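Visitor: Hi, could you walk me through this structure? I'm new to it.

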Amino acid sequence: MKNSEPDPNSTAEDVIPATVIEEKPVLKAVGLAKRYGKNVVAVNNVDITAYRGEVLGIVGESGSGKSTILRMLNLEEQPDTGSYELDGIYAGDLFKLDRSEQRAIRVFHIGIVYQNPHIGLRMNNTSSGNVAERLIVAGVRNYSQLRQAAETSFRASEFPLDRMDDPPLALSGGMQQRVQLAKAIALNPKLLLLDEPTTGLDVSVQALVLDTLRRVQRDIGTTMIVVSHDLGVIRMLADRVMVMRHGRVVEQGLADQVLEDPQHAYTQQLVHAKL
Amino acid sequence: MTGHRTLSELASPNNGYSYAFLDEYAKRELRRKTLKAIAIPGYQVPYASRELPIARGWGTGGLQATLSLVGPEDNVKVIDQGADDSVNAANLRRFIFRVSACHTTTDTLAATIVQSRHRVPEEIMGEHQILVLQVPDPEPLRGVESDIGKSREMHGDGEYGLLWLGLYEQLVRYRRVTIGASYPALVHGRYVMSPSPIPRWDVPKLHMAQHLTILSAGREKRLYVVPPYTSVKPLEFDDVPFRIENQRGWTCRISGGSNKFMSEIPLQSGGAEHEISDTSYREKLVADVKRVDGTECAGVPYYDNETGHFYIGGFLKDEEL
Amino acid sequence: MYVAARGGEQAILNAEQLFHSLKSTFNADDVRRVESTMPYLIDKVMGEGSLYAPELAALAILYTGGDLYESVLMLRAFRSTQPRIAYAKTLVQDDWLTVRRISAAFKDIPGGQILGPTLDYSHRLLPLEMLDNERDHGPISSTLPVQMIRNSELLTRQASLPAVADWQRAEGLLPELPFSASSVSPDSLPDVTREPMHIPADRAVRLQLLGRADTGGILSLGYANMRGYGTVHPTVNELRLGYADVTITHPVSGEPFSIGRVRLSQAEIVTTFKGAAEKPELALGYCATIGWNEIKCIAGSMLDMAMDLPKPHPSHTEDYVLHHTDPVESSGFCIHYKLPHYVTFGSDLDAMRAVTAAGDYLKTTGASVPLGTPGSFSENAPNGAAKSGKELS
């Protein structure tokens, strides 16, 4: 599987309006469903599409199924039913691939930033090693190349290079998220997944990290899915938004539209609570 | 024969031991597992691993491999740290002889089976020979994954990223790879193996070797093999070559030899002297010096006596550095 | 025949001789006396040696001067030389001659509690007067217990000592057994002495390994579990000591016959709310040994249960418990560190000197966390790797 290069000519201004409407979606997941045990329905028949360069926000309270969806899209968790395709990577349902094939897809084409950096990072390794690992798994066997790639990623995620060999354990929460981001974008992924990327950070740090996320997304033109319970985060990053409750999508549409003029009672409640 | 045979007639006599100690079922299992290991170079084959009258961790894995192979015509050499006269080597040799009535030798070139702990001899071994290495821990992934079930899965997937990450981290922190002995190596381009705690000096000797190498861990119940003429590549980045121990300038205080792996002998007055660790080879060098007719009794070594270069040119990228 | 003999060889012969010369000699009578005076010691050694041979166990104990790890190794090594010539009939509980059977779960149980032989309620006072006295302390005979039982009312009670677990199954508190003992052919079971172990282990493999595990090791891990490293709150459902005849089929006549009587012990523990089923029911842990080894049975049955939990404490996973409690493997590896390691040490030293000589290593990291161990790949602790390895695992 070859990694697709980002289009050097694309910018935020020209990509988004053109692609949303006309192109084939980059990500197409249909009929996702997942139960835990007999009674817990985590995700109930959810369809997701996302286009090249688009940022899709998923909002909802905890337990609404949004994180389960993200884990499925990262191929960490198999759904009970549903299919998942990433355009141009593999012509078929990714859920049907075996463990090592899924791993390859994850390494080459999907980046993820978790709310909890302990899940996404090896806290006692160097930060640069965390980024390099991804390239190692992808087959890079040249030390200088690993160093350069790590530096490039850290620069993009606005992480200070003089600290790239510190272990994440010694870094602040905001810095840890930047290490996760650098790792996530190290191979220019087709899909970037963010799970509550700024939750738990100081407000001022939040703003800086969000700035970086927005800029990185524009620079590499990747498709991004951001999950958050925080409408502020969604408002700042997302082009389009899906509102989830009890494992179902209750409302979706352009972010401005949904957030300015919510139709569903639950969304109205969310928006007003925020205001 | 009239009437039924009694149970005591059917049972084995009280004081008899099988040839080469292990019963034939145990030997058959070991031979089958060894054949399987030969067929899948570097793959760790689990085996039952019987208890032997030698403590576990003292070479019982190597010993089981040897006992499954040895016959009265064999000539067995046993070394520990390169030495034939170490108490442990002497004990194992005594045991193998006691239960198999084989020949024993200290001469690497005369041996049909060489059982060794922590060393590969300095003289190039031939196709007719078998090297049995005692292995304390067969799992090269142990440092990054202690659960055997998971590490077996990682081997199955060829998932060795964490080993390379380990190398990367060492280079970041120390600018050098800091692994001493047990340097992991990729066998036949597929499985990463621990070559047992031999020094880095000895790892290249397993690459495209003429002899068969059996690595056996009795306590951990795994054996694996480097068949003859099989590639064994120590893990190295393209731009950071694998390095053997730097013993340049060291001279053996007994034989005067150099460019062989040496043990460091601390001196009371400070500083240290050095001795070639392969005692059999060292003695041959001493004998050479004494010999008047000018003939050599030592075989061709893996590392050239004069230049120290490895016998397969270009394999060690570090040699000219 | 050329035999390579060196100085080292004489040294090891001398060392062994010196070992034996520092203790008194013994004869066949002493072997029998050890066997009869110290049955619990014999049982520990036979249990860990996984060989029921009281006479050989006594011989091993005397020969090694009472070094129990050495004794166990001698039994195991002897066992290695013995081909498996037959499979005994499965021993079910009803076939036992039970001499001790207690349950902590109920005040009284069907068939009754049988205290049997135990020091549990004795005062542990050293009988110092024995030191000045020529008299024997009580009767000493290996055949006595059976005779004693023959003369007691215990024999008449044997027919009605049902397992406590059977009652619990009948009451729907415990899940039904997946199959009956009589439906399993003994030769279809795995045998850890003949086949390699795999993780996850077959339950028969697990129970065999627990049965021959190091008593101290099992106790230590089990105690950690009892103390709170784990969430099992166990109750001893039943602890049973007894005798049983080992029956095999005669190879010629085809008739079953007893090849001897053995001492056996087993423990079952239960706990609530840990079962796999959706309905809350009791879960059961089990351990059995040859010989009477109460402590190992109780601690082992707790570990058996702990290993079944969905997420056991790291020191109670099957991989951890089964790999670290074998007496021969753990003691052997421990003493192997006495062997010379100067080649590996020299190699490690070389790697360290190369770093210090160059002097260009990272001297500060801005971090107060340890940097991991040089000289190995153990850059991050295995647990850390497992924890954070989620994304790329």
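Guide: Happy to. In chain B, residues 24 or more positions apart account for 62% of the contacts with a separation of 6 or more; two residues are in contact if their C-beta atoms, placed from the backbone, lie within 7 Å. This is a predicted model, where local features need pLDDT of at least 70, side-chain atom pairs count only at pLDDT 80 or more, and totals for chains, interfaces and linings use all residues. Residues are numbered from 1 along each chain as its sequence is written, while chains are lettered from A and ligands numbered from 1 in the order in which they are written.

Visitor: How many helices and strands are there in chain B?

Guide: Chain B has seven helices and 12 strands. Both are DSSP runs numbered from the N terminus: helices are H or I with at least four residues, strands E with at least two.

Visitor: And how much of chain B is buried?

Guide: Of its 321 residues, 58% count as buried, meaning that 20 or more other C-beta atoms lie within 10 Å of a residue's own, with C-beta atoms placed from the backbone.

Visitor: What's the strand order in the open sheet of chain B?

Guide: The seven strands run β1-β9-β8-β5-β4-β2-β3, with mixed pairing. Two strands pair if DSSP finds at least two bridges between them.

Visitor: Which strands stand at the edges?

Guide: Those are β1 (45–46) and β3 (103–104) of chain B; each has a single partner strand, so one side of each is left without a neighbour in the sheet.

Visitor: What packs on that sheet?

Guide: Helix α3 (residues 60–69) of chain B does, touching β2, β4, β5, β8 and β9 of chain B. Its direction makes about 150° with that of β5(B). Axes here are lines fitted to C-alpha atoms, for helices over the stretch in contact, and angles run from 0 to 180 degrees between N-to-C directions. Helix α4 (residues 87–100) of chain B lies across β2, β3 and β4 of chain B, at about 155° to β2(B).

Visitor: Switching topic: how many residues does the contact take from chains C and B?

Guide: It takes 61 residues from chain C and 73 from chain B. On the side of chain C that touches chain B, α14(C) gives the largest share, 11 residues.

Visitor: What about chain C itself, how many helices and strands?

Guide: Chain C has 15 helices and four strands. Buried residues make up 35% of its 393 residues.

How values were computed
Buried ≥ 20, exposed ≤ 12 C-beta atoms within 10 Å, placed from the backbone.
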